[in-house]
Amino acid sequence: MRPLKLIMSAFGPYAGQTVIDFSQLGEQGLYLITGDTGAGKTVIFDAVSYALYGQTSGGVRDANMLRSQYADADTPTFVELEFSFRGKCYRVKRNPEYRRPAKRGTGMTKEKAGAELYYPDDRVPVTRMSEVDKSIVELLGLNHKQFTQITMIAQGQFRKFLDTNTDERSKIFRDLFHTYFFQQLQDKLKQDAAAKRNEFDEQQRRSEQALNGISCIYPAYTEQLQSFALRHYEGCVEEVLTLVDTITALDEKEQQQVAAAAAIVTKNLTALQDSLGAIAKKQQLEKYMQTTEAKMVSMQKQLEQEAAAAVQRQEALQKLEAEVNEAQKGEVELAQLQTERQQLAARQRELLQLQDMQQRYQRQEVVLLQKRQEYKQACDNFNNLNELSDTCFDRFLSAQAGLLAHDKLKPGKPCPVCGSCEHPQPVQLAQDAPTENDVEQARAKAEAAQKIRDGLIGEGKALKEHLELDKTLLLGKGVELLGCDDLKLIAERAQAELKDVNNKITALRLKMGFLQEKVEQYRKLAKTLEQQKAVDKQAEAAAQSIRQQLAGAEGQLQELKRQLAEQNELLTDVDEQKLQQEHEKLLVQQRELELQDKRLYAAIKNNQRIKQEVSGYEARRAACEAEYSLINSLSATLNGTLTGKKRVNLETYVQMHYFDKILQRANVRLLHMSRGQYELCRDKMQDADSKTGNSKTGLDLEVKDYYSGNLRSVKTLSGGESFMASLALALGLADEVQSCAGGIQLDTMFVDEGFGSLDDSSLQQAIATLQGLSEGHRLVGIISHVHDLQEMIDKKIIVRKKRGQQGTGSEVALVVD
């Protein structure tokens, strides 16, 4: 990955829009980023990291800290990066969440964080933040941690990886080399071993808990069980189960004896219950007899009351039937009146229709008369206007000679009419002569009046024809209904007959109203009669039922008397009180034997269940013990907890392999930068000595000093030596991560500060090492305030703070010699 162009807008200290064209720096070599302290040199690296991954390079700047405090409120905050990867150009743009002025109204609103990724081909751009993050990782093959470890050595992070211990270095390797699988395997085996141990303990606990529930009433065996319980049944479970079998056998033998005694008591109790049952039956028969006799008296009384009520109901029914018959006559008469009314109503409708026809004919006669008057007026109007039109035309023609004499006759010139050159008496021009326009208007008015007259002629003719037709229909209807063909007689007779019909209808309405009330009364009486008949029928049915019950009760009473006589013969010389006392005694014995049997049954079932459960627990515990021994041994080996062995777990062992390869790559550069004095080594002596304790070993680091021939801690290195060792180790780590990441070759690298602690010679060696990195089309950027670097490196990005009339914030200048 190589950055081509970086655009920062309102980002960090850059108030406006700042563009850095990395393509001007070339395809390889070193370039220096220098300038004022706090001007925003590291922010350039942060912008590249944020554009790609949404996170800054050092991880110390949160997203809500990226908005420039110098920017105007309307200036948007975003970072846009164009970069090339494997010969193709991509563009990614991101913005953090920040507050901006609302586009509508006043006040501020929140601009949500966003991201966009544009491809070099015709693929649709990715615009969702999570999809952009995923696409960048898939494209570059590196996540943010790997990218920053490989390409960005952030400010203040040089000694972090150098001075850390095995635990911290293992966490870093876990992310870089994906060794978490081995850690998961270690943890899984440790969890499985703990789970199997817990299962073993659980089976033992369940077995002990079950054995504590053994039922025993025999003192000698109870003492034995208590002694076993004090030892938590350790090593004596089989002996305890044998003892359970012995106790169960004794309980079963006693249960048989209890069952035999219970059978004898039950037999005696059955005999007593038969005698007591006969006494109870006698008492019950006597009670039934009393109840039956009382019921028979009650039913006899009900029958007498019902007979009296039946006589009253019959009288009421006869009276009601007479009233119904009388009221029923009005229903027939009402039907006849309804028929007569319908006939009168039909005659009334015919006469009314005849009156309507006569009234319509009279109205049409009036309309025809009006049309005739209108026609006469139209004719008079037309004649007047036509006469005026002719008069106007005549006056217009008469005035033409005056116009000709006035305009054309000149002395000595020939007349256009007679040709004479003398004009002794020319006609004078009239003062009120009509114009041609006046003639046209008079003619138009006459023509309009003529049209109105002609129209009225047609309307009058149509009205007359329609009136003749209505007259014919009216006379025909008069002959049909009244036998008369005179219009005046038709009107008189129709009116007289209609009045008579109306009077008859009114009289019928009154009479029918009276009869309607009579019919309603009949219907109510008929309904009441039906109800009374139903009540009478139900009462008769109830009385019949009581008679049947009374007959049955009489038979039942005779049967009870017979049974009572038999029971009296059986109970001669029987002492009921003595029988009751003996019965109570046997019941007590029976309950005691039942309780004893239930206790023995429960004890036997409980002990049998315990034996079955404990046998299962013991079998599972033996299996758990064998599995735990195997899994625990394997877990101890992989987790490095075997007694007397190195405390190196499987993950650390794999990481040691990567660490040795990192040190090989790092020492190539460290030996060069230290002029052959220092070499980084993994502390193998600590591995051999650390056979006890809880701390992890295997990834600790020391340095070999070839000048003194001694091994010593990396913490004893000076500041400049530490920087060289850290830089070499970081470069070695970057090389190894690239190698493990599928051979990914990144075309750029950034180093932030640390050169100020080097002397001139070490500085030369460090720069030479970085220049070696830049070979093969790799561009290496260095952030530093060291003045010597400004003379040694030609390509520069200079960052300055702005104050004054040009505004506040920072600006960038690109210098390429």
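This briefing walks through a predicted protein model, from the whole chain down to single residues. Local features need pLDDT of at least 70 and side-chain atom pairs count only at pLDDT 80 or more, while totals for chains, interfaces and linings use all residues. Residues are numbered from 1 along each chain as its sequence is written, and side-chain values use heavy atoms, with hydrogens and water left out.

**The whole chain**

- You'll find 16 helices and 16 strands in the chain. Helices (H or I, at least four residues) and strands (E, at least two) are DSSP runs, numbered from the N terminus.
- Of the chain's 817 residues, 38% count as buried. Buried means under 20% relative accessible area, exposed means over 50%, and partly exposed sits in between (1.4 Å probe, protein chains only).
- Take the contacts (heavy atoms within 4.5 Å) between residues at least 6 apart in sequence: 72% of them join residues at least 24 apart.
- The chain exposes about 47400 Å², and carbon and sulfur atoms supply 50% of that. The areas come from the Shrake-Rupley method with a 1.4 Å probe; for residues, only the protein chains shown count as cover.

**Strand β1 and its partners**

- β1 pairs with strand β4 (residues 78–85) in the antiparallel sense over 7 bridges. Two strands pair if DSSP finds at least two bridges between them.
- In that pairing, Ser 9 stands opposite Phe 78 in β4.
- β1 also pairs with strand β2 (residues 14–21), again antiparallel, over 6 bridges. Here Leu 6 stands opposite Ile 20 in β2.
- Ser 84 lies in strand β4, and counts as buried because its relative accessibility is 16%. Leaving aside neighbours within four places in sequence, Ser 84 is in contact with Met 1, Arg 2, Leu 4 and Cys 89.

**Lys 41, a buried lysine**

- Lys 41 is found in helix α1 (residues 41–53).
- Is Lys 41 buried or exposed? Lys 41 is buried, because its relative accessible area is 6%.
- The side chain of Lys 41 reaches the backbone oxygen of Asp 36 at 3.0 Å.
- Not counting residues up to four places away in sequence, Lys 41 touches Ile 33, Thr 34, Gly 35, Asp 36, Ile 783, His 785 and Val 799.

**Strands β13 and β14**

- Ile 783, one of the residues that Lys 41 touches, also turns up here: Asp 752 stands opposite Ile 783 in β14.
- Strand β13 (residues 748–752) is mostly covered, with 5 of its 5 residues buried.
- Which way do the residues of β13 point? Thr 748, Phe 750 and Asp 752 point one way, and Met 749 and Val 751 point the other.
- β13 runs parallel to strand β14 (residues 779–783), and 5 bridges join them.

**The β10-β11-β12 sheet**

- 3 strands form an open sheet in the order β10-β11-β12, with antiparallel pairing.
- β10 (678–682) and β12 (710–713) stand at the edges, each with a single partner strand, so one side of each is left without a neighbour in the sheet.
- Neighbouring strands of this sheet are turned by 35 degrees against each other on average, direction ignored.
- Strand β11 (residues 701–705) is joined to β12 by 4 bridges, and Lys 704 stands opposite Leu 711 in β12.
- Helix α12 (residues 650–673) lies across β10 and β11, running at about 175 degrees to β10. Axes are lines fitted to C-alpha atoms, for helices over the stretch in contact, and angles run from 0 to 180 degrees between N-to-C directions.

- Helix α6 (residues 180–211) has 32 residues and reaches 46 Å from its first C-alpha to its last, close to the 46 Å expected at 1.5 Å a residue. The expected span is 1.5 Å times one less than the number of residues.
- The buried residues of α6 include Leu 189, Ala 193, Lys 196 and Phe 200.
- Asp 485 lies in the loop between α9 (436–482) and α10 (487–570), and counts as exposed because its relative accessibility is 58%.
- Asp 485 touches Leu 475, Val 479 and Ile 490, not counting residues up to four places away in sequence.

Technical notes. A polar contact is a pair of N or O atoms within 3.5 Å; within protein, one must be able to donate a hydrogen and the other to accept it, and residues adjacent in sequence count only if both atoms are side-chain atoms.
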